[in-house]
Amino acid sequence: MRIAVFSAKNYDRQSLDKANRAYLKELVYFEAKLDANTALLAEGFDAVCVFVHDRLDSRVLKLLLKGKTRSIALRCAGYNNVDLKTAKALGFQVVRVPAYSPHAVAEHALGLLLDLNRHIHRSYFRVREGNFALEGLLGFDLFGKTVGIIGTGRIGLVMTRILKGFGCEVLAHDPIPDPECEKAGGRYVPLDGLFQGSDIISLHCPLTPQTHHLINGAAIARMKEGVTLINTSRGAILDTVAVIQGLKDGRIGNLGLDVYEEEDNLFFEDLSNTIIQDDVFSRLLTFPNVLITAHQGFFTQEALKSIADVTLANLDDLEKGRRCPNSVEDH
Ligand code: NAI
């Protein structure tokens, strides 16, 4: 099986090559993102292997089909970047890695929270410059705080368990409540109750038409004054312009982001010698109470190994005509 691997970084090559020792597929790596301009690179390949910023819209899918590609292996859990309706109509098989390490993302979300509530990113720079003053660094205990978890799937459940360990109350919201989450101490409430009752809100739902801009101006207006918001899911679940207004008003007390709605043009690249053209993103960077990481929630040794192993196993299932347990079923 010949596989065109798009958006390939060195760490992808290393983990995929290692996993491929057990499968011996022909992997060809392209640094480019898959889009309408690069789809021709996949001509003649049986499968493309893609990540979160590759765009598989109907135009790209038609180009892939023309080039005889029939399979799409996502190296991630989310599949909001694939036009699944068109993929189904054109007969593509789409597989993904539904769970590589929920701990990686939940622990990163917690890292953002622990940094923000004690201003550690600011202390780091102060101490290096010989400024040992504490003014402006007053934090709050996590113990006893109420945390709202939106989306109690794999990552949300791990986050619930971690937060219960800190002595937090956990309010949960999910259209499909999970008894495991309740067993862990989460209490399901309607979204409005979660907005009104939470000191901290962490997003762990997928990006869908229903969750697009779930956190908008109206939602922020219903939240507690000074709420801490953490988003490690997908950028467009937050309406960034509304969030900036919330930060300016003081309604949002802290913001931790690992994702951003226009991140495709920024994240995973070294742009330190260029002028950032995205004024909304640049505005976010000016707030002392905003901490942004560039989509690194998944980036642990354990998760990379698991992504590579599952991706190769998925592709092997497709090649051998076996039913793949990680098919994106609902397309
Ligand atoms: P999952 O599929 O196990 O759980 C998602 C949960 O969200 C499900 O329980 C689902 O019922 C719920 N949900 C769906 N619509 C909802 C809504 N409108 N309101 C509230 N809940 C809703 O997914 P998992 O593995 O926990 O991942 C969650 C998200 O985290 C992914 O969709 C992805 O966007 C993001 N992610 C981010 C990574 C990063 O590196 N920052 C890495 C991996 C995932």
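**View A. The buried residues of helix α5 pack against α4 and β12 (290-292).** The model is predicted, so to speak of local features a pLDDT of at least 70 is needed, side-chain atom pairs count only at pLDDT 80 or more, and totals for chains, interfaces and linings use all residues. Residues are numbered from 1 along each chain as its sequence is written, and side-chain values use heavy atoms, with hydrogens and water left out. The residues of α5 that are buried are His121, Ser123 and Arg126. Buried means under 20% relative accessible area, exposed means over 50%, and partly exposed lies in between (1.4 Å probe, protein chains only). Helices (H or I, at least four residues) and strands (E, at least two) are DSSP runs, numbered from the N terminus. After α5 comes Gly130, with a positive phi near 80 degrees.

**View B. Helix α4 (residues 102-118) packs with helix α5 (residues 120-128).** Two packed helices are described by the angle between their axes and by the distance between the axes. Here the angle is about 60 degrees, and the axes are 6 Å apart. The axes are lines fitted to C-alpha atoms, for helices over the stretch in contact, and angles run from 0 to 180 degrees between N-to-C directions. Helices α4 and α5 are therefore oblique to each other. Angles under 35 degrees count as roughly parallel, over 145 as roughly antiparallel, 65 to 115 as roughly perpendicular, and the rest as oblique. From α4, the residues Leu114, Asp115, Leu116 and Arg118 meet Ile120, His121 and Ser123 of α5. Of the residues in this contact, three are nonpolar, two are polar and two are charged. In this grouping Ala, Val, Leu, Ile, Met, Phe, Trp, Tyr, Cys and Pro count as nonpolar, Asp, Glu, Lys and Arg as charged, and the others, Gly among them, as polar.

**View C. His119 is placed in the loop between α4 and α5.** Although His119 is not a glycine, its phi is positive, about 60 degrees. His119 has a relative accessible area of 12% and is therefore buried.

**View D. The largest nonpolar core holds 32 residues.** A nonpolar core is a set of buried Ala, Val, Leu, Ile, Met, Phe, Trp, Tyr and Cys residues joined through side-chain atoms within 4.5 Å. The residues with the most contacts inside this core are Ile150, Phe195, Ile201, Ile215, Met223 and Leu255. At least two core residues come from each of α8 (191-197), β9 (200-203), α9 (217-222), β10 (227-231), α10 (240-249), β11 (252-257) and α11 (279-284). Helix α10 gives the most, with four residues. Not counting residues up to four places away in sequence, Ile215 touches Ile150, Phe195, Leu203, Ile220, Met223, Leu229, Ile237, Leu238 and Asp239. Contact means heavy atoms within 4.5 Å. A second, separate core has 31 residues, including Phe51, Val52, Ala87 and Ile307.

**View E. His53 lies in the loop between β3 (47-50) and α2 (58-66).** The relative accessible area of His53 is 6%, so this residue is buried. Its side chain makes a polar contact with the side chain of Glu263 (2.6 Å). A polar contact is a pair of N or O atoms within 3.5 Å; within protein, one must be able to donate a hydrogen and the other to accept it, and residues adjacent in sequence count only if both atoms are side-chain atoms. Leaving aside neighbours within four places in sequence, His53 is in contact with Lys33, Asn81, Glu263, Asp264, Phe267 and Phe268. Phe268 is found in the loop between β11 and α11. Phe268 is not a glycine, yet its phi is positive, about 75 degrees.

**View F. Asn80 is found in the loop between β4 (71-74) and α3 (84-89).** With a relative accessibility of 35%, Asn80 counts as partly exposed. Its contacts, leaving aside neighbours within four places in sequence, are with Leu207 and Arg234. The side chains of Asn80 and Arg234 make a polar contact (3.3 Å). Asn80 and Pro209 are 129 residues apart along the chain, and their C-alpha atoms are separated by 9.6 Å.

**View G. Asp141 lies in the loop between α5 and β6 (146-150).** Asp141 has a relative accessible area of 52% and is therefore exposed. The C-alpha atoms of Asp141 and Phe166 are separated by 9.4 Å, and the two residues are 25 residues apart along the chain.
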